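Trainee: I have the model open and would like to go through it with you. Can we work by question and answer?

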Amino acid sequence: MTHIFKITFGIFIVLIGIPVFAYAQNGSTLITGNLKNKEGAAIEYASISVEGTNIFSYSDNQGAFELSLEEGSYTIQIQCLGYSTLEKKITVSKRKKIPLGDVILETSAVSLDEVVVSGNSVAHNISVAPIKATVIETKEIKQRPVTITEMLNRTTGIRVRQSGGLGSFTNVMMNGFQGNSVRIFKDGIPLDYLQGGIGLNNIPVNILSRVEVYKGVLPADLSADALGGAINLVSQKRENKQVAFSYEIASFNTHQATLNVSVTSPDKRFFVGGDAFFNYSDNNYKVIAPVVDEETANIVPTKLPLFHNAYKHYFTEVYAGVANTVWADEIRFSMSLFSIQRDNQFASLMEKPFGAVLSKRNAYFVPTIHYTKSLLDSKLNVDQFASYSIVNTAQIDTLRGRYDWYGKYHPAIDDNTIGESSATLSDMKMRSFVSRTNLAYRLNEHHRFVLNAVVQSSSQKGSDIYGTTIQDSDGREIDLLSLPSDYSKLIGALGYQSDFFDKRLHQNTQIKYYASWASGRSVNLSTGRLNEDILDNSNSQWGISTALKWELNSRSFIRASGEVATRLPEQREIFGDASFLLPNFDLKPERSTNINLGYAINKPESFSFEFNGFYRLTENLISKELTGLLFSQNVNVEKVNGLGLELDATAFLFPWLRWNGNTTYQNFRLRHLNDPSVKYLEGARLPNIPFFFANTGLRASFNHVFMQKDRVELFYHYSYVHKYFLRYIPKDAEPDGFLGLFGESKVNTKDIIPSQNLHSFGFSWSPATDSQWMFGGEIKNIFNTAVYDNFRIQNAGRSAHLKVSFKL
């Protein structure tokens with residue numbers, strides 16, 4: 001880890017040195033100004049460009065803008081919807097700052113109905129790129145009491161499964177892949193740097209501006225060993241001065257609060273701010289529990305509230321930085337801390353109740369540094385991020401006795417019996433270093449190159465006085481968790497993006513390099529003794545991908561992509577979690593060939609339709625499978641292939657009413673099994689993965705309902721998940737009928753996760769178009785139907801939510 005840190009630190013010094021040296025050579029001059037209308041109000045988001053160059057900028061929410069120019073004469077062009085275009089000629093002298101002061105724009109005489117807006121948002125540009133992506137913008141949902149997980153589940157091709165209630169563990173499934181085959185990023189950085197401090201299960205929508213979902217091929221800017229795709233959580237843009245707050249209260253004693261604060265100095269050179277949020281829930285919803293009758297010893301399904309399922313989590317990040325200097329566009333230093341406490345009432349399956357099992361995770365020192373700089377007339381962009389974290393985790397199970405499903409305590413018959421599941425008092429310390437280096441060079445408006453490298457290094461060591469012990473060669477007892485393990489990973493990508501034929505053909509090609517190193521001590525499970533040799537395992541692979549898009553006309557396009565990708569085993573998958581996840585030192589990297597084909601058509605403010613098909617051929621797929629009633633383990637599945645298709649449509653039924661719907665079908669099966677003992681599973685469908693699901697919804701918008709300038713929106717959403725299998729079953733035992741969607745299976749119903757129908761209804765209200773206050777509410781699972789998720793874990797029934805938001 002020290003060696004990697006030195007290399008990354010050296011890269012960081014070089015990257016800072018490049019712009020300083022470049023500035024010394026070209027003598028850039030800073031041009032500043034403030035855009036205002038005749039009434040003196042600031043004009044935000046205006047476009048400021050330099051004629052004959054690729055240099056451009058935008059005004060912020062205070063109307064301020066900046067440009068960096070070399071010595072010479074220029075014409076600056078300023079454009080904004082509703083205002084006349086302004087051209088201003090300036091002469092730049094060497095190394096001199098030029099303040100333009102207040103720049104007044106005249107109101108345009110052209111009516112808004114005659115204006116054709118040719119520019120597109122960042123979200124739109126991502127969604128129509130050659131690489132398939134779906135973008136969820138949070139601007140429209142921040143006032144609503146919804147979670148990122150719920151919004152993702154309403155997106156085609158994605159299911160985010162949870163193991164019960166707010167803050168529970170999540171498992172993302174995308175295009176047939178799940179778990180770590182789908183990577184999570186925050187602002188383009190692997191979320192691993194926070195080691196569970198935030199995730200899809202707990203991050204609030206109010207601290208994000210959008211969520212980008214990439215399926216199959218990833219852009220080079222997101223270097224990762226992903227097979228199924230990735231989710232990129234994009235933070236909201238830092239504003240010059242902001243205070244934003246939200247609070248949500250809901251069923252099951254659920255409380256969620258967020259706070260965002262930012263301040264920038266008048267000269268736009270210095271900034272400070274912070275983001276914080278708090279989550280709490282008793283998660284005491286009712287489930288159908290397998291209660292054991294004390295007289296007959298028979299299992300009697302009984303509907304009871306959970307009593308030991310609470311979740312508490314707080315997260316805080318404070319930051320400060322410098323912007324608009326000769327050596328950095330922005331350099332930002334931040335410090336994060338978080339604490340999570342989770343009551344565990346059940347393990348991998350909801351078969352046995354616990355009443356005193358706890359898990360904790362906390363970190364009080366997670367520093368990061370993020371540096372960006374544009375060079376060579378903004379043709380070269382440098383982006384460097386680095387983070388170091390120390391996270392402590394604890395698992396506590398020391399009860400002398402047990403609890404039943406009613407929450408009643410039963411003392412242990414034997415005083416030496418400790419623990420409801422497996423006695424533990426573990427304390428694990430995990431250290432992690434993450435570095436991301438990104439260089440992007442735009443040759444011209446048609447060609448762009450990207451070089452991206454992500455380095456991750458982590459180690460863990462702990463103790464457990466009740467945990468498993470092993471003997472070394474001298475016969476001494478050794479705590480299994482005290483054995484240190486180290487893991488490092490390097491993912492590099494070189495990408496080339498271009499367009500041809502008057503920008504009708506777009507392509508994105510890249511090559512990737514994957515490498516990992518793991519070391520630790522292994523145990524001979526048959527003898528229970530520690531192997532003397534240190535396990536030193538390394539993997540390296542090359543990968544390649546390409547994506548094409550052809551614009552048929554201004555409203556429709558087709559796109560196709562293919563890749564050969566690798567997914568390296570993670571440290572947790574190899575070494576386990578010292579809890580309910582068992583280690584597996586024999587895990588191999590996943591290797592997959594992926595092909596994607598899609599067609600899209602849309603007519604703005606009228607309708608849109610998109611079709612996507614995909615094919616996957618995967619070797620050594622890493623899948624989490626059950627081991628008994630309490631534990632699970634990651635194992636390799638020899639070969640898996642499958643096809644899938646997605647349909648997504650939107651229609652504006654009336655100017656005030658919009659409909660949307662999507663459906664996904666995927667068929668992933670075991671192939672070419674070599675082990676005679678499992679040959680009967682040839683062609684079996686992968687377990688614990690939904691293969692057919694759909695969503696539909698309506699959104700109605702009304703103005704001037706209760707007040708002169710207020711706005712009311714009503715929402716309805718319906719989600720359907722077809723029944724699927726908890727474990728492998730032979731193909732000939734599956735239901736008959738079209739695509740396996742009809743008929744009954746020929747296996748025990750306990751091995752089937754039943755079909756689910758979920759209805760939700762909500763509203764949002766803003767007292768005025770520029771109101772500082774916003775209100776939202778939602779009733780989820782209106783009909784209180786049974787909802788099952790990962791490994792048939794039951795989720796909450798009907799719940800009511802109310803949210804208030806404030807922004808100054």
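Trainee: Where does glutamine 195 lie?
Mentor: First, this is a predicted model, in which local features need pLDDT of at least 70 and side-chain atom pairs count only at pLDDT 80 or more, while totals for chains, interfaces and linings use all residues. Residues are numbered from 1 along each chain as its sequence is written, and side-chain values use heavy atoms, with hydrogens and water left out. Helices (H or I, at least four residues) and strands (E, at least two) are DSSP runs, numbered from the N terminus. On that numbering, glutamine 195 is in the loop between S13 and S14.

Trainee: Is glutamine 195 buried or exposed?
Mentor: Its backbone has a positive phi of about 45°, although it is not a glycine. Buried means under 20% relative accessible area, exposed over 50%, and partly exposed in between (1.4 Å probe, protein chains only). Glutamine 195 has 13% relative accessibility, so it counts as buried.

Trainee: And alanine 297, buried or exposed?
Mentor: Alanine 297 also sits in a loop, between strand S19 (286-292) and strand S20 (299-305). Its phi is positive too, near 65°, in a residue other than glycine. The relative accessible area of alanine 297 is 56%, so it is exposed.

Trainee: Which residue is the bridge partner of alanine 133?
Mentor: S8 pairs with strand S14 (residues 208-215). The two run antiparallel, over five bridges. In S14, the partner of alanine 133 is tyrosine 214.

Trainee: How many residues of strand S28 are buried?
Mentor: S28 covers residues 447-464. It is antiparallel to S27 (residues 424-444) over 18 bridges, and a hairpin of two residues joins S27 to S28. S28 is also antiparallel to S31 (residues 485-500), through 14 bridges. S28 is largely enclosed by the rest of the structure, because the buried count is 13 of the 18 residues.

Trainee: How many charged residues are in the lining of the second largest cavity?
Mentor: Lining residues have an atom within 4 Å of a point, and there are 42, with Glu150, Gln162, Leu758, Lys780 and Asn795 nearest the centre. Asp, Glu, Lys and Arg count as charged; Ala, Val, Leu, Ile, Met, Phe, Trp, Tyr, Cys and Pro as nonpolar; the others, Gly among them, as polar. The lining has 12 nonpolar residues, 24 polar and, as charged, six.

Conventions
Two strands pair if DSSP finds at least two bridges between them. On a 1 Å grid over the protein atoms alone, a cavity is a set of points where a 1.4 Å probe fits but cannot get out, and a pocket is an open set with protein on both sides within 12 Å along at least five of seven lines; lining residues have an atom within 4 Å of a point.
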